[in-house]
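Please open the structure in your viewer and keep the selection tool handy, and we will walk through it stop by stop.

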Amino acid sequence: MALSKYVVGNWKMHGTSSDLPEIASIASAAAGSTGVDVALCLPATLIDRAATSMAGFAFGGQDVHQDEKGAHTGCTSAAMLLDAGASLAIVGHSERRSDQCETDEQVRAKAEAGLKAGLGVILCIGESLDVREAGQAVATVQSQLDASLPHGDGAAAGVPGKFAIAYEPIWAIGTGKVASPADIGEMHKALRERLVAAYGDAGNEVRILYGGSVNASNAAEIFAVDDVDGALVGGASLTAEKFVPIVEAAAAR
Ligand code: PGA
């Protein structure tokens, strides 16, 4: 049976208090869409105000530190995100893997810390253009998944519905280039196999999102691909005008 779709906006380093009305528009439109789960991962500075004024809508962080607390200047713990009103966090986004030099091991520790604390976690993986052109995309992303998948107390198998994967080809992020439905389908099928290998039947419950230049024009075609359980959306999540049609395309599946 198909999993319910999950559409998550990633606001990256965008947004101040002047954007709260836009966030409210997205939240109220999402409340009217049935059969699809919607969330916005905001800058940490906005989560508390958004969650306080829009109770019931899911807000998340864009990263979570692997330690519970400590001397980590500039970092945010799972407890801090929960305290601000977040219910999920992205980990391992390619921008953090490159800008902050995050390794698979760190990403795995972050996913485990988030799940253990009770946050939903979206684990991002994806290949570079060089890897895709060398014909190594599936093998590379599968091994990235294997190395960053959470295990132990907070593992996906113990918290069905709380854990999702986002396959985001790096060359498709923010570029307007989208992977073809055939390539997305091949990758998601390969990732599903690895999830089942790691978690048994529970691996079939982990939603696999596609990310990379998803917009109102291409969302329906992407959501029609087997094993695409939703989308992680960057640029097109910043306004209700662009984001709500993507949510509606997911709800229509
Ligand atoms: P994009 O970003 O939709 O702007 O390509 C997606 C992401 O980085 O999560």
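**Stop one: the ligand**

Select Gly 234 and the ligand: a backbone N or O atom of Gly 234 lies 2.8 Å from an oxygen atom of the ligand, a polar contact, meaning a pair of N or O atoms within 3.5 Å (within protein, one must be able to donate a hydrogen and the other to accept it, and residues adjacent in sequence count only if both atoms are side-chain atoms). Before going on, note that this is a predicted model, where local features need pLDDT of at least 70, side-chain atom pairs count only at pLDDT 80 or more, and totals for chains, interfaces and linings use all residues. Residues are numbered from 1 along each chain as its sequence is written, and side-chain values use heavy atoms, leaving out hydrogens and water.

Then pick His 93: an N or O atom in its side chain is 2.7 Å from a ligand oxygen atom.

How many residues surround the ligand? There are 13, and the closest are Lys 12, His 93, Glu 168, Gly 174 and Ser 213 (a residue is near a molecule if one of its heavy atoms lies within 4 Å of it).

**Stop two: α1 and α10**

Next, select residues 20-31, helix α1, and residues 240-251, helix α10. They pack at an angle of about 20°, with axes 10 Å apart, and are therefore roughly parallel to each other (angles under 35 degrees count as such). Show side chains to find Glu 22, Ser 25, Ile 26 and Ala 29 of α1 meeting Ala 240, Glu 241, Phe 243 and Val 244 of α10, where contact means heavy atoms within 4.5 Å. By class, this contact has five nonpolar, one polar and two charged residues.

**Stop three: α5 and α7**

Finally, select helix α5 (residues 104-117) and helix α7 (residues 137-148), which pack at about 50° with their axes 8 Å apart. Asp 104, Val 107 and Arg 108 of α5 make the contact with Gln 144, Ala 147 and Ser 148 of α7.

Methods. Axes fitted to C-alpha atoms, helices over the stretch in contact; angles between N-to-C directions. Helix = DSSP H or I, 4+ residues; strand = E, 2+ residues; numbered from the N terminus. Parallel < 35°, antiparallel > 145°, perpendicular 65-115°, else oblique. Nonpolar A, V, L, I, M, F, W, Y, C, P; charged D, E, K, R; others polar.
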